[in-house]
Number of protein chains: 2
Amino acid sequence: MNLRDLKYLIAVADTRHFGQAAERCFVSQPTLSGQIKKLEEELGVTLFERSKRSVETTHPGEIIVAQARRVLEQADALLQLAQSHQDPLVGPLRMGVIPTLSPYLMPLILQPLQTQYPQIKLVLSEELTDTLLTRLDKHEIDAALLATPVENPDFESIPLFEEPFWLVHPRNHPLSKKKKIIQTDLDCTDLLLLAEGHCLAEQAMEVCHLHERAVQGDLADLRAASLETLLQLVAAGFGCTLLPALALNAVSAKDKGIMTRQLQLPDTYRQISLVYRRTFPRRKVLEVFAAVVLENLPDTIRAI
Amino acid sequence: MNLRDLKYLIAVADTRHFGQAAERCFVSQPTLSGQIKKLEEELGVTLFERSKRSVETTHPGEIIVAQARRVLEQADALLQLAQSHQDPLVGPLRMGVIPTLSPYLMPLILQPLQTQYPQIKLVLSEELTDTLLTRLDKHEIDAALLATPVENPDFESIPLFEEPFWLVHPRNHPLSKKKKIIQTDLDCTDLLLLAEGHCLAEQAMEVCHLHERAVQGDLADLRAASLETLLQLVAAGFGCTLLPALALNAVSAKDKGIMTRQLQLPDTYRQISLVYRRTFPRRKVLEVFAAVVLENLPDTIRAI
DNA sequence: ACAATTGATAGGAATTACCTATTAACTTAA
DNA sequence: TTAAGTTAATAGGTAATTCCTATCAATTGT
């Protein structure tokens with residue numbers, strides 16, 4: 001059995017005329033006659049009662065024709081579904097974002113994305129880099145916004161922008177007296193860190209030339225679960241920390257006891273990129289997403 | 001698109017493995033890979049995300065696979081429908097019967113038919129010969145029980161039995177004195193007839209050697225609409241008539257004022273046969289029906 | 001009676017599906 | 001680290017299927 005055969009079948013049932021049915025199906029009459037005959041043999045049922053004068057659908061024929069219409073109806077629906085998914089922008093885009101980026105970047109782009117590409121249904125999940133990479137590998141998400149380069153050859157990435165780190169310290173901190181922060185100021189500072197697993201923690205240590213062991217002792221117990229908590233610690237005078245630029249809005253607005261200092265030093269930024277499986281078939285939607293991100297960055301952040 | 005392709009599609013979606021899917025479909029892996037690729041190109045949608053490690057269904061793929069299942073479901077239902085109609089006995093048998101036969105024959109066969117072949121759904125219609133032939137030609141009925149031979153080459157017939165005519169007259173009729181009825185008794189009798197269109201009327205005239213004009217006059221206005229009415233007229237002494245043997249039950253039971261006389265004369269019977277279109281594909285059900293009729297005839301009627 | 005129509009048949013051409021063999025990339029075991 | 005085993009894709013040739021033109025037999029309409 002064949003969808004084409006069912007089309008032939010219905011054409012004959014509709015026209016009661018092999019010639020006209022053939023014309024409607026854009027085939028010759030012998031072709032259509034042959035296929036109908038083959039179908040009848042396959043089904044073991046005579047579908048049409050032919051005479052030289054007329055063609056009539058038999059009773060079982062009527063029933064089978066009705067069912068054939070249902071089959072073609074569903075097949076047609078399949079084609080329409082396919083058509084509606086030809087545009088790579090259509091459908092859900094499952095995006096993972098690291099926690100130190102998501103709350104500060106997403107508010108900037110959700111509105112523009114929704115306005116420019118309403119057909120993209122963004123599904124966000126906020127998790128640590130490792131988790132995101134695992135889920136990406138398991139096809140549970142389509143792409144991830146990360147701050148670390150990827151080595152896995154299964155993945156590719158679109159570089160988005162460089163996000164500078166700012167130094168954040170209490171207003172009564174010794175560094176308050178310095179007009180400009182230099183590298184050595186960072187080296188020996190009382191750095192507060194995020195909990196383990198946050199890439200920001202390692203990156204901060206790297207910027208400050210610290211190793212894992214250096215943050216043992218008093219500070220080891222103070223690793224914060226979120227940037228918000230971290231800022232609370234800074235405000236409470238427990239030490240200073242490095243903050244990614246996009247998160248600055250979160251601090252300046254609410255806490256007068258905190259000073260934020262731009263770092264005019266080399267390599268004091270993290271590189272944000274959009275990571276996806278090499279085999280992901282809807283690259284277009286990622287390109288569109290990346291473009292929207294870049295268009296809506298504050299002027300202080302430079303795109304790559 | 002093709003039902004086979006959809007089977008391949010579902011096999012891959014189920015197994016997430018081209019090789020195993022191919023095995024399930026009894027084709028080679030390259031064949032299946034090729035058809036899936038062709039399908040993807042036709043639909044304009046990437047259905048699977050392949051890597052050397054794994055095969056995953058894309059989001060549009062999931063949707064299309066679900067629809068493909070619906071298509072195959074309906075196609076499967078079609079095959080099952082066809083299967084259930086392979087037996088020519090299954091389904092309605094639309095049977096036309098002439099009014100002078102139906103009420104006397106049908107009670108004899110309905111019960112046995114129902115018992116022996118419960119799958120046959122008999123749909124009866126009782127109409128005059130001409131109407132039945134027209135409806136047979138228009139495929140409105142499948143066959144007809146008639147008492148006249150058919151000339152139309154589109155039709156064929158299965159001879160069933162010869163139904164003798166009996167003479168029926170009032171008990172106080174001159175013929176009551178005769179021990180045996182001979183042809184000349186019939187020739188000049190006061191014959192009562194059924195309404196025009198009933199084949200029985202013409203056949204009775206023929207048996208009695210009468211022509212159309214002979215029944216003009218008084219009798220012309222007395223043509224009865226049914227055998228029952230005819231018997232009422234006989235009982236009321238308006239004349240005599242010829243009755244087909246199967247209808248005898250109807251008279252003997254209810255009216256003592258009527259005599260029924262067997263005719264031991266040549267050609268005093270009508271031939272009942274089952275008429276159908278030459279092209280009717282379920283001849284088997286007709287043969288079965290004919291057999292049931294013959295098996296359940298009273299012993300007084302001889303089958304052909 | 002003759003031309004036009006209709007569905008079936010025959011024979012050959014074109015397309016399509018299919019198979020085997022092989023490749024390229026990756027994973028696992030030694 | 002190398003070797004063996006998997007996996008999906010590719011290439012090339014074969015078999016099956018579909019399709020066409022030409023024709024026939026039967027019927028219908030003029």
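Is F48(B) buried or exposed? In this predicted model, F48(B) is buried, with a relative accessible area of 1%.

Over all chains, the structure holds two aromatic pairs. In chain A the pair is formed by F18(A) and F48(A), whose ring centres are 6.4 Å apart; the planes stand at 75°, so the arrangement is edge-to-face. The two partners come from distant parts of the chain, with F18(A) in helix α2 (residues 18–24) and F48(A) in strand β1 (residues 48–50), 30 residues apart. F18(A) has a relative accessibility of 12% and therefore counts as buried. F48(A) is likewise buried, at a relative accessible area of 1%.

The other pair lies in chain B. The centres of the F18(B) and F48(B) rings are separated by 6.3 Å and their planes by 75°, so this pair is also edge-to-face. Because F18(B) belongs to helix α2 of chain B and F48(B) to strand β1 (residues 48–50) of chain B, the pair ties together parts that lie 30 residues apart in sequence. F18(B) counts as buried, its relative accessibility being 11%.

F48(B) is also among the residues touched by T58(B). T58(B) is placed in the loop between β2 (55–57) and α4 (59–84) of chain B. With a relative accessibility of 7%, T58(B) counts as buried, the limit for that class being under 20%. A polar atom of the T58(B) side chain lies 3.0 Å from the backbone nitrogen of G61(B). When residues up to four places away in sequence are not counted, T58(B) touches T46(B), L47(B), F48(B) and E49(B) in chain B, and P281(A) in chain A.

The contact between the two protein chains involves 40 residues of chain B and 40 residues of chain A. The area buried between them is about 3700 Å², and carbon and sulfur atoms give 67% of this area. On the side of chain B, the residues that lose the most area to chain A are M1(B), E49(B) and L78(B), which together account for 17% of what that side buries. E49(B) is also one of the residues touched by T58(B).

DNA strand C is surrounded by 21 residues, of which the closest are H17(A), K37(A), R50(A), S28(B) and R53(B). Among the atoms of DNA strand C within 4 Å of the protein, 72% belong to sugar or phosphate, and the rest belong to bases. A backbone N or O atom of F18(A) lies 3.2 Å from a phosphate oxygen of DNA strand C. From chain B, a polar side-chain atom of K38(B) lies 3.5 Å from a phosphate oxygen of DNA strand C. At least two residues of the surface near DNA strand C are supplied by each of α2 and α3 of chain A and α1 (3–15) and α3 of chain B. That surface divides into seven nonpolar, seven polar and seven charged residues.

Around DNA strand D there are 20 residues, the closest being S28(A), R53(A), Q29(B), K37(B) and R50(B). Sugar or phosphate accounts for 75% of the atoms of DNA strand D within 4 Å of the protein, and bases for the rest. The side chain of R50(B) has an N or O atom 2.4 Å from a phosphate oxygen of DNA strand D. The elements giving two or more residues to the surface near DNA strand D are α1 (3–15) and α3 (29–43) of chain A, together with α2 (18–24) and α3 (29–43) of chain B. The residues of this surface comprise seven nonpolar, seven polar and six charged.

One further residue of helix α2 of chain A is R24(A). At 43% relative accessibility, R24(A) counts as partly exposed. Not counting residues up to four places away in sequence, R24(A) touches I10(A), A11(A), D14(A) and T15(A). R24(A) and F48(A) are 24 residues apart in sequence, and their C-alpha atoms are 18 Å apart in space.

Key: Residues numbered from 1 in each chain as written. Chains lettered and ligands numbered in written order. Predicted model: local features only at pLDDT ≥ 70, side-chain atom pairs only at ≥ 80, totals over all residues. Heavy atoms only, no water. Near = heavy atom within 4 Å. Polar contact = N/O pair within 3.5 Å; in protein donor to acceptor, adjacent residues only side chain to side chain. Helix = DSSP H or I, 4+ residues; strand = E, 2+ residues; numbered from the N terminus. Nonpolar A, V, L, I, M, F, W, Y, C, P; charged D, E, K, R; others polar. Phe/Tyr/Trp six-rings, centres within 6.5 Å; stacked < 30°, edge-to-face > 60°. Buried < 20%, exposed > 50% of the residue type's maximum accessible area, 1.4 Å probe, protein only. Contact = heavy atoms within 4.5 Å. Buried area = accessible area lost by both parts, 1.4 Å probe.
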